[in-house]
Amino acid sequence: MTSVPQSAYAAAGVDIEAGDRAVELMKASVARTRRPEVLGSLGGFAGFFDASALKDFRQPVLASSTDGVGTKVAIAQALDKHDTIGFDLIGMLVDDLVVSGAEPLFVTDYIACGRVVPERIAAIVSGIAEACIAAGCSLVGGETAEHPGLLGPDEYDIAGATTGVVERDSILGAHRVKPGDAVIGMEASGLHSNGYSLVRNVLLTQAGWSLERHVEELGRSLGEELLEPTRIYALDVLDLIAKAEIHAMSHITGGGLANNVARVIPNGMRAVLQRSSWTPAPIFELVQSVGSLEQSDVDATLNMGVGMVAILPQDQVAAALETLGERGIASWVLGEIEQHNGRGAATLL
């Protein structure tokens, strides 16, 4: 096959030199995430993680998760602020993983863009790296792909994958849940990374609000609120699992609170969640009121201020709330598990 000269490739819209500069700019950020099990350095064809680190496990089970950020990237692009969107990516990855009881070990990322701007790519990766540090995992590699003609020059999308490990007999889930168990809610930092197509349609398209608009109910600009990074619970949850008996957990993402909790409820039981047990942050009421949305619409789309849920025996509640409080996570008793005819379900009353 005849190779394509770099000048011809550049004329087609792909700048290899810009990609190389982006890699150089991100190396320091990636290096800060390095766990001792990571081998090699950034720039190879694959990332390496020394699996002998798992030799102390009795029966190690690998867990994996992949996800993206969705249309929240449109907010970052509109505000030209790219160093926080990485928290949204890592939050979506590691907190889907940790609810099984698994410890996140490493992450790989993928950035597709219309044009490589090294400083912008480096800002995105710096946020991913900082979020990896917050989650206790390493960023071992990734890919930056330039897609001229498919994406606009200032457009990009990000995705990633993570791998973790858990002892087989320590895996959390529906098989552990019992009638009478308590359900604990953990406060979200905001919208996190779900429902942005609805939020953008309501506030930006239908209402015509600008991202620079100061919103009294929010105490800041609309753009600042919408770009609030996703809270990363991974280390908090792992500490909680170590200090209290946890039966199951649910990461509240797309589909809303009840739908995600239902995923960890066994047949013959349901989680009864009390809406009166917490007050959602103002952004949720704002979206609903401005868009004249039914309660069922927002419940099925947004996290409504609950980012993570734990299910545990009643006698473990005090220890769990204390542990989360010490880690700065606001939490409360959200509901209870009861017997129920039919498929596992969750009801928000």
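Predicted model: local features only at pLDDT ≥ 70, side-chain atom pairs only at ≥ 80, totals over all residues.

## Sheets and helix packing

Arg-270 has Glu-338 as its bridge partner in E13, and this pair belongs to a set of five bridges that join E11 to E13 in an antiparallel run.

**The six-strand sheet**

Six strands make up an open sheet with mixed pairing, in the order E10-E12-E7-E13-E11-E14. Strand E10 (248-251) and strand E14 (345-348) are the edge strands, each with a single partner strand, so one side of each is left without a neighbour in the sheet. From one strand to the next, the twist averages 25°.

H4 packs on it by touching E10 and strand E12 (306-312), with a direction that makes about 165° with that of E10. Helix H12 (residues 317-326) also packs on the sheet, where it touches E7, E12 and strand E13 (331-339), and its direction makes about 10° with that of E7.

**The four-strand sheet**

Another open sheet is formed by four strands in the order E3-E6-E4-E5, again with mixed pairing. Its edge strands are strand E3 (60-68) and strand E5 (138-146), each of which pairs on one side only. Neighbouring strands of this sheet are turned against each other by 15° on average, with direction ignored. E3 and strand E6 (residues 156-167) run antiparallel and are joined by nine bridges; within E6, Ala-161 stands opposite Thr-66.

Which helices lie across the strands of this sheet, and at what angles? The table sets them out.

| Helix | Strands it lies across | Angle |
|---|---|---|
| H4 (residues 85-98) | E3, E4 (103-113) and E6 | about 145° to E3 |
| H5 (residues 118-135) | E4, E5 and E6 | about 165° to E4 |

**A helix pair**

The axes of helix H6 (residues 196-206) and helix H10 (residues 282-290) come within 9 Å and cross at roughly 65°, and the crossing is left-handed. On the H6 side the contact involves Val-199, Val-202 and Leu-203, which meet Ile-283, Val-287 and Val-290 in H10. The residues of this contact divide into six nonpolar, no polar and no charged.

Ser-189 is found in the loop between strand E7 (182-187) and H6. Where does the chain come back to Ser-189? Leaving aside neighbours within four places in sequence, Ser-189 is in contact with Glu-228, Pro-229, Thr-230 and Arg-231. For one of these, Pro-229, the C-alpha atom is separated from that of Ser-189 by 7.3 Å, although the two residues are 40 residues apart along the chain.

Among the side chains, Arg-213 lies over the face of Trp-209, at 4.0 Å from the ring centre. Where rings are paired with one another, with centres within 6.5 Å, the count comes to one aromatic pair.

How values were computed: Residues numbered from 1 in each chain as written. Heavy atoms only, no water. Axes fitted to C-alpha atoms, helices over the stretch in contact; angles between N-to-C directions. Helix = DSSP H or I, 4+ residues; strand = E, 2+ residues; numbered from the N terminus. Left-handed = near helix turned anticlockwise from the far one by under 90°. Contact = heavy atoms within 4.5 Å. Nonpolar A, V, L, I, M, F, W, Y, C, P; charged D, E, K, R; others polar. Phe/Tyr/Trp six-rings, centres within 6.5 Å; stacked < 30°, edge-to-face > 60°. Lys NZ or Arg CZ within 6 Å of the ring centre and 35° of its normal. Pairing = 2+ DSSP bridges.
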